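Take a look at the model below. The report then covers the ligand site, the domains and a few backbone details.

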Amino acid sequence: MDHCHTSDLISLEQAREKLLVQTVPLTCRETLNLTESAGRITATDIISPINVPSFDNSAMDGYAIRLADLHDKQTLPVAGKALAGAPFQGAWPAGSCIRIMTGAPVPPGTDAVVMQEHTEVTETGIRFTHPVKSGQNIRTIGEDITQNSVVLPKGTQLSTAQLPLLASLGIATVDVVRKLKVALFSTGDELQAIGKPLQAGQIYDTNRFAIRLMLEKLGCEIIDLGVIRDDPNTLRQTFIDADKHADLVISSGGVSVGEADYTKQVLDEVGKISFWKLAIKPGKPFAFGQLEHAWFCGLPGNPVSAVLTFYQLVQPLIAHLSGFTAWQPPMRLTAKTTTPLKKSPGRLDFQRGMASLNAQGELAVQTTGHQGSHIFSSYSLGNCFIVLERERGHVAIGETVQIEFFNHLLKNQ
Ligand code: AMP
Ligand code: MG
């Protein structure tokens, strides 16, 4: 049961707004070869050094013609050949056509290229069997990209949709924002490293592993500081050290109100907390603020909450800090639930669900089952979040809900 007063909790949108308004993107940049720059963010506008296409060329295999030559006859002798990489050279006699292949430069004076399928070979030359329009089948210089135009604005993330474009312009290196340095640690006396046997009362450190995976997918440079014991002095020193080396410090655990929850108390001493209670479920205790140099995010201890708050809040923060300007909140789609969903009003709820198309081709979603913030299997059974509005109560079968499909942070595609 949720006994807290929800009026002093800030909404997800307010929290995202604060994260973005209060932080400043990195300005350091580095120059990389195109082959090393996948996933990186452009630090400047990228300007095209050339026109694309860089010369007028043929879009078809066929014949280059001058319209004036076709005025009184429909058949022209072939005066030469133009191939991709081997232009027609020499003089083009009046009253003739040039055999031309796709991608070949059109000879100067060409009015149109006639596709082979619209011609016939006759004894006296090529007969043109269809009406010809000026300019047809010619790809004109600069039609795709003009020289000196901005091909990609600053703040673009480079991937397969962008990098081949730069390759087609002959661009070999690109200025990108340097990688964000993120220091990461878990807190908790109960945490044991993966691979070691559990002693009484211990649990494995799920969060650091989960957060590492997501940071890797976001292309961050990771400083892994391991598990920090529930001791205020150690915790204080860890924050102070992490602050010296990182742009962003992420901890998990210790941000609620238990006896060994020192994270918030220490953050209050060594930093400035901007907010720490959110009207979302799971993930109410999430602390964000500033250390002397770095930003920090204190994630909740429960693994479901740690991953959810990272996904919904740290993801846009990292995008912003890394200079990625086009980040958009996850797209929400409408689906009908085929199972009842338990919910009490007060917080925006991110339940885990499995969505699919039903026989009518509509989106349908069902719960993954137990939604406790310690039930990590709910992620592995699901493919989306079911996003239930703050004031909503229980949801019955057949009601409409909103869903967000998991992105690459939670799955491979
Ligand atoms: P805390 O916020 O530190 O009180 O943690 C809340 C719950 O999350 C407790 O049950 C912790 O044992 C658990 N927890 C904290 N950190 C981790 C972690 N790194 N991995 C798995 N569970 C954790
Ligand atoms: Mg703890």
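Which strands and which helix each supply at least two residues of the shell around ligand 1? They are strand E14 (181-187), strand E16 (203-204) and helix H3 (206-217). Helices (H or I, at least four residues) and strands (E, at least two) are DSSP runs, numbered from the N terminus.

This is a predicted model, in which local features need pLDDT of at least 70, side-chain atom pairs count only at pLDDT 80 or more, and totals for chains, interfaces and linings use all residues. Residues are numbered from 1 along each chain as its sequence is written, chains are lettered from A and ligands numbered from 1 in the order in which they are written, and side-chain values use heavy atoms, with hydrogens and water left out.

**The ligand site**

There are 17 residues around ligand 1 (a heavy atom within 4 Å). Glu 190, Asp 205, Thr 206, Gly 254 and Gly 301 come nearest. By class, the shell has four nonpolar, 10 polar and three charged residues. Here Asp, Glu, Lys and Arg count as charged; Ala, Val, Leu, Ile, Met, Phe, Trp, Tyr, Cys and Pro as nonpolar; the others, Gly among them, as polar.

| Residue | Part of residue | Ligand 1 atom | Distance |
|---|---|---|---|
| Glu 190 | side chain | oxygen | 2.5 Å |
| Gly 254 | backbone | oxygen | 2.8 Å |
| Asn 207 | side chain | nitrogen | 3.4 Å |

On its own, ligand 1 has 490 Å² of accessible area (Shrake-Rupley method, 1.4 Å probe). The protein covers 78% of that area.

**The domains**

The chain is divided into four parts by an automatic or database domain assignment. Domain 1 is 12-28 + 179-322, and domain 2 is 30-51 + 152-177. Domain 3 is 57-139, and domain 4 is 332-405. How many Å separate the centres of domain 3 and domain 4? The answer is 62 Å, taken over C-alpha atoms.

**Backbone details**

A cis peptide bond joins Val 52 and Pro 53, with omega about -10 degrees. Pro 53 is in the loop between strand E2 (46-47) and strand E3 (57-58). Another cis peptide bond joins Lys 281 and Pro 282, with omega about -5 degrees. Pro 282 lies in the loop between strand E20 (280-281) and strand E21 (285-290).

Asn 137 is not a glycine, yet it has a positive phi of about 60 degrees.

Key: A polar contact is a pair of N or O atoms within 3.5 Å; within protein, one must be able to donate a hydrogen and the other to accept it, and residues adjacent in sequence count only if both atoms are side-chain atoms.
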